[in-house]
Amino acid sequence: MAAGRALAMTALVAGLSGCGLLSGDDGASKSKAMDETDAIRIVLNADQPDLSKGVLYDAQTPLHFNVGFGRHGIACAGSTFQEGITPLGTFKVNAILSPTKFEMDPSLVTKSGKSEVELRQNLFRDMNAIDFKGDGETGEYGAGYISLAPVENTDQPFRFNTYDGKFRWYSFAIHGTNDDSRVGKAVTGGCINVNQAALKTLLNTVELGDEVVISSDSPCLS
C-alpha cells in the first residue's frame, strides 16, 4: 500500500443503539478503531443493513462502498467466529485470491499441504465453483476474495478441506458476489460482501498485512 495513504470516514451512520465493546476495552481501543492509518474501515448497521459502508483511501483515489454482512447478525470484538455472524474487530489481510492474483501468508501455504503453484492455479477457482446456496448457481465469491485474520487472539475457523470434490479454504473475508443486489443486506455466511466494481479496486490496492477495522454502533452478540 502506498506510504502516503490515509484513512478517514467522512460520515458515520447515526442514530444507532450502541454496541458493547469487548470486556476491558477503553478509550484507547476506541482511538485504535478510528486510526487513520488503517487500510479499510467498515461500519455495519444491523437495523438498516443498506446503510453499512466501507471506505478505502490510497495515495490517489478514495473509495467508498456499500457492504453486506452475516445473515444472523454481528458479533462483538473478540467473540468466537460463528456461521452467519460477522465479527467486529481489527483484522489483517492474510490472503488475496482471484482468477489472476494469488498472495497468501507462507504459513497458510504450508498448512494447506499443497504447493504454492497448485494453490495459485486451483484454489480460488475451486472455492468459487461451489454452489453454497444450493440454487444451481456458482461464482458466489464474485471476482475475488480477501481473507482477514483477527489481530486479537480469537478462535477462528480457518481450515482447508475438500467439499463436493473441490479443495477449498474457509476463512473470514471480504469478497465479491454473483448478484450485486445481495450487497447492503444481511445475507452472507458471515463474510463482508461488496459489489464487483468495489472489489476490483480493493483487489488492486490491498496488500498482505494491511489492517481492516470493522465496527458498529448496533448491539452485538457476545
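# Briefing: a buried polar pair and its surroundings

The side chains of Asn 94 and Ser 147 make a polar contact at 2.7 Å. The model is predicted. Asn 94 belongs to strand 7, and Ser 147 belongs to strand 9.

- Asn 94 is buried, with a relative accessible area of 10%.
- Ser 147 is also buried, at 0% relative accessibility.
- Besides the contact with Asn 94, the side chain of Ser 147 makes a polar contact with the side chain of Ser 171, at 2.9 Å.
- Leaving out residues up to four places away in sequence, Asn 94 touches Glu 103, Met 104, Asp 105, Leu 108, Ser 147, Leu 148, Ala 149, Phe 158, Trp 169 and Leu 208.
- With the same exclusion of residues up to four places away in sequence, Ser 147 touches residues including Lys 92, Val 93, Ala 95, Phe 172 and Ala 173.
- Phe 158 and Trp 169 are among the residues that touch Asn 94, and they are also among those that touch Ser 147.
- Ser 147 and Ile 96 are 51 residues apart in sequence, while their C-alpha atoms are 6.4 Å apart in space.

- Thr 86 lies in strand 6 and is buried, with a relative accessible area of 0%.
- The side chain of Thr 86 reaches the backbone oxygen of Gly 190 at 2.7 Å.
- Residues touched by Thr 86, not counting those up to four places away in sequence, include Leu 44, Phe 69, Ile 74, Phe 172, Gly 190, Cys 191 and Ile 192.
- Cys 191, one of the residues touched by Thr 86, is buried with a relative accessible area of 12%.
- Ile 40 is found in strand 1 and counts as buried at 1% relative accessibility.
- From C-alpha to C-alpha, Ile 40 and Ile 214 are 8.4 Å apart in space, and they are 174 residues apart in sequence.

**The disulfide**

- The count of disulfides comes to one.
- This disulfide joins Cys 76 to Cys 220, with an S to S distance of 2.1 Å.
- Cys 76 lies in the loop between strand 5 (73-75) and strand 6 (85-87), and Cys 220 lies in the segment after strand 15 (211-216), so the link ties together parts that are 144 residues apart in sequence.
- The link of Cys 76 and Cys 220 is right-handed, with 95° about the S-S bond.
- Both Cys 76 and Cys 220 are buried.

**Helix 3**

- Helix 3 (residues 116-127) has twelve residues and reaches 16 Å from its first C-alpha to its last, close to the 16 Å expected at 1.5 Å a residue.
- Leu 119, Leu 123, Phe 124, Asp 126 and Met 127 are buried in helix 3.
- An α-helix has 3.6 residues a turn, so residues three or four places apart point the same way.
- Val 117, Gln 121 and Arg 125 are exposed on the other side of helix 3.
- The cover over the buried residues of helix 3 includes strand 7, strand 8 (102-104), helix 2 (106-112), strand 9, strand 10 and strand 11.

**Helix 4**

- The buried residues of helix 4 (residues 196-205) are Ala 198, Leu 199, Leu 202, Leu 203 and Thr 205.
- They pack against strand 1 (40-44), strand 2 (53-57), strand 3 (62-66), strand 7 (89-97), strand 9 (145-150) and strand 12 (173-175).
- Asn 195 caps the N-terminal end of helix 4, with a side-chain oxygen 3.2 Å from the backbone nitrogen of Ala 197.

- Strand 10 (residues 159-163) pairs with strand 11 (residues 166-170) in the antiparallel sense, over five bridges.
- Lys 166 in strand 11 is the bridge partner of Tyr 163.
- Asp 164 is found in the loop between strand 10 and strand 11.
- Most residues other than glycine have a negative phi.
- Asp 164 is not a glycine, yet has a positive phi of about 55°.
- Asp 164 is exposed, with a relative accessible area of 62%.

Note on methods. Residues numbered from 1 in each chain as written. Predicted model: local features only at pLDDT ≥ 70, side-chain atom pairs only at ≥ 80, totals over all residues. Heavy atoms only, no water. Pairing = 2+ DSSP bridges. Helix = DSSP H or I, 4+ residues; strand = E, 2+ residues; numbered from the N terminus. Buried < 20%, exposed > 50% of the residue type's maximum accessible area, 1.4 Å probe, protein only. Contact = heavy atoms within 4.5 Å. Polar contact = N/O pair within 3.5 Å; in protein donor to acceptor, adjacent residues only side chain to side chain. Expected span 1.5 Å × (residues − 1). Disulfide = S-S within 2.5 Å.
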